[in-house]
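This report describes selected features of the structure shown below.

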Amino acid sequence: MNCLLKVSNLKAIYLVREGTIKATDDVSFEIFENTAAAIVGESASGKSTIIEAMTRTLPPNGRILSGTVEYKGKNLLQVKEEELRTIRWKEIALVPQAAQQSLNPTMKIIDHFKDTIEAHKINWSYEELVKKASEKIKMVRLNPEAVLFSYPMQLSGGMKQRVLIALALLLDPKILILDEPTSALDVLTQAHIVQLLKELKRKLNITLIFVTHDIAVAAELADNIFVIYGGCLVECSPTVEIFKNPKHPYTKGLINSIMAINADMSKIKAIPGDPPSLLNPPSGCRFHPRCEHVMDICKEVRPPLVQLSDGVKVACHLYKEGGYRR
Amino acid sequence: MSEIAIRAQNVSKIYSQGLFRKKYKLVLDNINLEVKKGDRLVIIGESGMGKTTLARILSNLDVPSFGEVYWFGTSLKDVNGNEYKHLRKKVQYVHQDPYASLHPSKTIFKIIADPLKKCQGLTGRKLEEKVYELLEMVGLTPPDYFFNKYPHHLSGGGRQRLAIARALTAQPEILIADEPISMIDMSLRAAIIKLLKDLNDKHNITVILILHDIGAARYFTYEKGEIAVLYGGRIVEKGSSEEVITRPIHPYTKVLISSSPIADPELAKNREIEQLRSYDPPVRLPETKNCPFSHACNYFVDKCLSVTPELEKVNTNHYVACHVFKD
């Protein structure tokens, strides 16, 4: 498989009054062509920060300290803003979180499409734009005549989310990045969006990267899962491997705590303790205060990400290169 | 037969909207519910189906437009002041959002101690002991470590535990919780549901939960208790957890179950979910006589558009309101 996007040693922080929030600490991963990758983590674990840093859309108090994001031989974190503009949306498109609030309430949907092509200096006639937009709107299973000329408030939450996906697809990007595509939606709408993304990936051959807090959504949609805990990447494996044979104690705990409809109810168990504060993260492994296998070394040394077998990487002192330590 | 703790009889709620409050909307339509003492009930529904309204009416934070709610056999309509004061303590409510429902400038000790002083008249040593006991009961341990902390020191799960502890200060016999896990991190959700199960088991508190997550509903009720599925202000299916989840009958329940996330990538990748004709909540007027699901259902017949189906018994402890699938 072809490696399309390579993130190495990405470090990003937020400056706040109380100090710095170490939201992303030394995260490295690779995205392969035509796959779907899920970044899974709890709220405030820094999962959105990763993609905001990758696309250079961090809020004003965010800072990227180090790292590279390689795409087609270029480091996206270093290229000039003008050059980034030619890559954004045309090659890498982003569907932001809180899709419900991302559309301008005073603009019709078609005007959002018009804004996009104007920002990218594309000369399409209005008819051409309507034709292209209708095509994309149809792709997300909406009726273009009803949707294109209405205002965002006339659409439901699920429809707005789908309009944003259509908008992201307008310039036929190769990579589609989605931040929490299914949160704040009802169960039925959520299932519908997941089905839709599966279909789009198959039809358009695009690469998906999405962030979610719901590992069950990742189970359905993703080929690879990156598990983030406290701003660090703790495990990255193919989806089947994550569910059948989770390695990191946090991943194990997360899988055991899913209250899925088909789960064995007597085995459901929550992870004890609370998620860490990224203002003062725990020393060593950030999971050690909640871990049942905690050793002395965990409290002092941060475990490196080691490769266990093909595609399976974990950051835990229980494992060493190629196998199990204890 | 054990005693009925809470009963809703023909409860309907109509909201008026619009500039002159002349537009009416039927939010709850003829709800009949009964929960025995010490039992568990989950009300499942999506947003806009009236589940919060139902929870508020059951806990008397709102009054029904028609129908009556009974607490321990006493109708709330003709209860007198003193009796109500006594009953009110027995039914407590836990709010959805623990980030908004706790006083930010009170210490955790004060949040628990203030209602204890009012409800149980405790002071001094006894008060401190009781606060300790309650915090321990909801899993905020060691309790004395939390006494002088503030809610913002806690995670979402910790806050929800505190909100539950606060509801327990009145020594309730019924606890009604509206979406207690929707604002909480994934890894802590199971723990909150487990806590509510323990309160039900060990302290014999009747627990009524409002949820949208059918997996969590199953986890809460698989040992005992009932699930009621709410759609468009009506209960469309009701029964024991095993009956409703393993043998769903109503087309809405079926879609809901097949759409809920499953934790098996191989099964999940290949599943196909039935497409509904509409994903919007139904708009029902007071005079509407139809099946609330008829605008989205793939199996509707003419009767569904003109006659509201009533809950009918299909099996022991399994009721369904559907014209097409009731047999």
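The sections below treat salt bridges, cavities and pockets, a surface patch, and some loop residues.

## Basis of the report

The structure is a predicted model. Local features are reported where pLDDT is at least 70, and side-chain atom pairs where pLDDT is 80 or more.

## Salt bridges in chain B

Over all chains, the whole structure holds 36 salt bridges. One of them joins B:Asp62 to B:Lys13, with 3.3 Å between the closest N and O atoms.

Because B:Arg40 lies in strand S3 of chain B and B:Glu223 in the loop between helix H8 (214-221) and strand S9 (226-231) of chain B, the pair ties together parts that are 183 residues apart in sequence. B:Arg40 is buried, at a relative accessible area of 1%, whereas B:Glu223 is partly exposed, at 48% relative accessibility.

## A salt-bridge network in chain A

In chain A, salt bridges link A:Lys11, A:Asp25, A:Arg286 and A:Arg302 in a network.

## Cavities

How many cavities of 30 Å³ or more does a search of the whole structure find? The search finds 5, and the largest cavity has a volume of about 80 Å³. This cavity is lined by 13 residues, of which B:Cys291, B:Cys297, B:Cys304, B:Cys322 and B:Val324 are the closest to its centre. The lining of the largest cavity consists of 10 nonpolar and 3 polar residues, with no charged residue.

## The second largest pocket

The second largest pocket has a volume of about 670 Å³. Its lining comprises 32 residues, and those closest to its centre come from chains A and B: A:Gly273, A:Asp274, B:Gly139, B:Leu140 and B:Arg161.

Helix H5 (143-146), H6 and helix H7 (186-203) of chain B each contribute at least two residues to the lining of this second largest pocket. The most is given by H7(B), with 10 residues. By residue class, the lining of the second largest pocket is made up of 17 nonpolar, 8 polar and 7 charged residues.

## A nonpolar surface patch

B:Tyr299, B:Val301 and B:Val324 make a nonpolar surface patch of about 220 Å². B:Val324 is also among the residues closest to the centre of the largest cavity. B:Tyr299 is situated in the loop between helix H11 (265-270) and helix H12 (302-306) of chain B. At 38% relative accessibility, this tyrosine counts as partly exposed.

## Loop residues of chain A

Most residues other than glycine have a negative phi. A:Lys72, which is not a glycine, has a positive phi of about 50 degrees. A:Lys72 is located in the loop between strand S4 (62-71) and strand S5 (74-75) of chain A and is exposed, with a relative accessible area of 51%. A:Trp89, again not a glycine, has a positive phi of about 70 degrees. The loop that holds A:Trp89 runs between helix H2 (81-87) and strand S6 (92-95) of chain A.

A:Pro152 is part of the loop between helix H6 (144-147) and helix H7 (157-168) of chain A. Is A:Pro152 buried or exposed? A:Pro152 counts as buried, at 5% relative accessibility. From C-alpha to C-alpha, A:Pro152 and A:Asn104 are 7.3 Å apart in space, and they are 48 residues apart in sequence.

Methods: Residues numbered from 1 in each chain as written. Chains lettered and ligands numbered in written order. Heavy atoms only, no water. Patch = residues over 30% accessible without salt bridge, like charges linked within 9 Å, V, L, I, M, F, W, Y side chains within 5 Å. Areas by Shrake-Rupley, 256 points an atom, 1.4 Å probe, with all protein chains shown as cover. Salt bridge = Lys/Arg side-chain N within 4 Å of Asp/Glu carboxyl O. Helix = DSSP H or I, 4+ residues; strand = E, 2+ residues; numbered from the N terminus. Buried < 20%, exposed > 50% of the residue type's maximum accessible area, 1.4 Å probe, protein only. 1 Å grid on protein atoms, 1.4 Å probe; cavity = no way out; pocket = protein on both sides within 12 Å on 5 of 7 lines; lining within 4 Å. Points joined across faces, edges and corners; volume = space filled by probe spheres on them. Nonpolar A, V, L, I, M, F, W, Y, C, P; charged D, E, K, R; others polar.
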